[in-house]
Amino acid sequence: MENNNVVIFEHPLIKHKISILRDINTGTNEFRKIVEEIAMLEGFEALSDLPTENVEIKTPLEDCMSPKIAGPKLAIVPILRAGLGMVPGITALVPSARVGHIGLYRDEVTHEPHEYYCKLPTNIGERTIVVTDPMLATGGSAVDAITMIKAKGGKKIKFICIIAAPEGLAKLQAAHPDVQIYIGQMDRELNANAYICPGLGDAGDRIFGTK
Ligand code: PRP
Ligand code: URA
């Protein structure tokens, strides 16, 4: 489904892989691999408007003009920790991408995000920026991360997540209507602890095998 600045994927491969992520019996090894695969499938679509330029190529038969990706290198900015799990899926598509990091954690009681790290590639204002985080729950982390990127000059920003709650999507759209949002699956709601239901649990803990 596509709605202004939001793409909600309907591809059966993405749906199938999300079902494996949801399963309580899926272990860390498989979980991490599938997060990468979904990031690659979503990233393929999210990067469909990357600028190209025609360059001269010598084929075994003749010279021709053929398109290559143009402009400054892509910037991928995972929201730590869980967003890190999606980075290999995007670098598989764009190996030359630069990678920044934004460290945010949610307070367990207030569910408000707290910043602990921010390091972005140089010339961030000239790059297409892909922010990754598997979970868009209250939306607080995504909103703050993108606010931080804009404060450092970022302009062309895309946000890719795997599962979103309606509350988080509404908050992100209201705060950053210029950002393109890509969602693997819209879930029903948040519970009292601001976890997405049915969701997949704590994405960071499942990717890194903590807890
Ligand atoms: C999780 C998740 C998002 C955030 C989403 O991170 O990876 O960053 O929560 O919730 P929100 O939309 O309500 O802000 P968490 O704070 O648990 O940190 P972690 O990735 O280090 O586990
Ligand atoms: N963060 C997670 O990892 N999972 C949720 O359901 C909500 C926030």
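This report describes a predicted model of a protein chain with two ligands.

## Overall fold

The protein chain contains six helices and 14 strands. Its radius of gyration is 18 Å, close to the 17 Å that the globule rule gives for 211 residues, so the chain is as compact as a globular protein of that length. Along the principal axes, the C-alpha atoms of the chain fill a box of roughly 65 × 40 × 35 Å.

## Ligand 1

The shell around ligand 1 has 15 residues, and the closest are Arg106, Asp133, Thr138, Gly139 and Ser141. Sorted by class, this shell has six nonpolar, five polar and four charged residues. Three elements each supply at least two residues of the shell: strand 7 (101-106), strand 10 (135-136) and helix 4 (140-151).

Oxygen atoms of ligand 1 take part in several polar contacts with the protein. A polar side-chain atom of Ser141 lies 2.6 Å from one such oxygen atom. Arg81 contributes a polar side-chain atom, which lies 2.9 Å from an oxygen atom of the ligand. Taken alone, ligand 1 exposes 490 Å², and the protein buries 90% of that. Ligand 1 sits in the largest pocket.

## Ligand 2

Ligand 2 also sits in the largest pocket. The residues that surround ligand 2 are Arg106, Met135, Ala137, Ala194, Tyr195, Ile196, Gly201, Asp202 and Ala203. By class, they comprise six nonpolar, one polar and two charged residues.

Backbone atoms of the protein make polar contacts with ligand 2. A polar backbone atom of Ile196 is 2.8 Å from an oxygen atom of the ligand. A backbone N or O atom of Ala203 lies 2.8 Å from an oxygen atom of ligand 2. In the case of Gly201, a polar backbone atom is 2.8 Å from a nitrogen atom of ligand 2. On its own, ligand 2 has 240 Å² of accessible area, and the protein covers 89% of it.

## Backbone geometry

Most residues other than glycine have a negative phi, and most peptide bonds are trans. The model has some exceptions to inspect.

A cis peptide bond joins Leu80 and Arg81, with omega about -10 degrees. Arg81 lies in the loop between strand 5 (75-80) and helix 3 (87-91). The side chain of Arg81 has a polar atom 2.9 Å from an oxygen atom of ligand 1. Another cis peptide bond joins Cys197 and Pro198, where omega is about 0 degrees. Pro198 is placed in the loop between strand 14 (196-197) and helix 6 (203-208).

Asn123 has a phi near 50 degrees, a positive value in a residue other than glycine. Asn123 is found in the loop between strand 8 (113-119) and strand 9 (128-132).

Definitions and conventions
Residues numbered from 1 in each chain as written. Chains lettered and ligands numbered in written order. Predicted model: local features only at pLDDT ≥ 70, side-chain atom pairs only at ≥ 80, totals over all residues. Heavy atoms only, no water. Near = heavy atom within 4 Å. Polar contact = N/O pair within 3.5 Å; in protein donor to acceptor, adjacent residues only side chain to side chain. Areas by Shrake-Rupley, 256 points an atom, 1.4 Å probe, with all protein chains shown as cover. 1 Å grid on protein atoms, 1.4 Å probe; cavity = no way out; pocket = protein on both sides within 12 Å on 5 of 7 lines; lining within 4 Å. Sits in = over half its atoms within 2 Å of the grid points. Helix = DSSP H or I, 4+ residues; strand = E, 2+ residues; numbered from the N terminus. Nonpolar A, V, L, I, M, F, W, Y, C, P; charged D, E, K, R; others polar. Rg over C-alpha atoms; globule rule 2.2 N^0.38 Å.
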